[in-house]
Amino acid sequence: KLHKLGPDIERSLLRSLMSVASPAGAVSFIALFITGVWMTLIMKGGDIGSIFTTGWGIWIFIGFVASLIAAILGFGVLLPKGLRMEKILKASDNGELSKEASVQVDGIISRVMSVEKINFFLVMVAILSMMIARII
């Protein structure tokens, strides 16, 4: 959809988004992950061995694993791809994107979109499992 706006608008918007979105996502995940582990330890009184003895613990563990996989995809795939796209866009700052650079950016965007769909699913699994844990 950004292609319809023209290459100048698309490039400046992507550059702006990537410079903010990648670090913001990383910082928010770290904060949420630490908070989740801390809250789990507080609720169980530091006794991690009893987590798998209740339905609550099993659902929290499912949410923890989904969050961990989402983080690995985020830090291992999305963050490097975002940095690479930002580097390509900065290199073409003085002019139009070359045909090769445009193909690279399009490839990165399609891979990022695929991984973001998987990440969205994992985040929804984590949220739903923790909601179920709250009910149980």
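V37, L41, I48, F52, I58, F61, I62, F64, V65, L68, I69 and I72 make a nonpolar surface patch of about 960 Å² (patch residues have over 30% relative accessible area and no salt bridge, with nonpolar side chains joined within 5 Å). The model is predicted, and local features need pLDDT of at least 70. Residues are numbered from 1 along each chain.

Two elements give two or more residues to the patch, α1 (7-43) and α2; helices are DSSP runs of H or I with at least four residues. Helix α2 gives the most, eight residues, and V65 lies in α2.

Helix α2 also pairs with α3, and their axes come within 8 Å.

| Helix | Residues |
|---|---|
| α2 | 55-91 |
| α3 | 99-135 |

The axes, lines fitted to C-alpha atoms over the stretch in contact, cross at roughly 165 degrees. The two helices are therefore roughly antiparallel (angles over 145 degrees). The contact of α2 with α3 holds 28 nonpolar, six polar and four charged residues.

Key:
Predicted model: local features only at pLDDT ≥ 70, side-chain atom pairs only at ≥ 80, totals over all residues. Heavy atoms only, no water. Axes fitted to C-alpha atoms, helices over the stretch in contact; angles between N-to-C directions. Parallel < 35°, antiparallel > 145°, perpendicular 65-115°, else oblique. Nonpolar A, V, L, I, M, F, W, Y, C, P; charged D, E, K, R; others polar. Patch = residues over 30% accessible without salt bridge, like charges linked within 9 Å, V, L, I, M, F, W, Y side chains within 5 Å. Areas by Shrake-Rupley, 256 points an atom, 1.4 Å probe, with all protein chains shown as cover. Salt bridge = Lys/Arg side-chain N within 4 Å of Asp/Glu carboxyl O.
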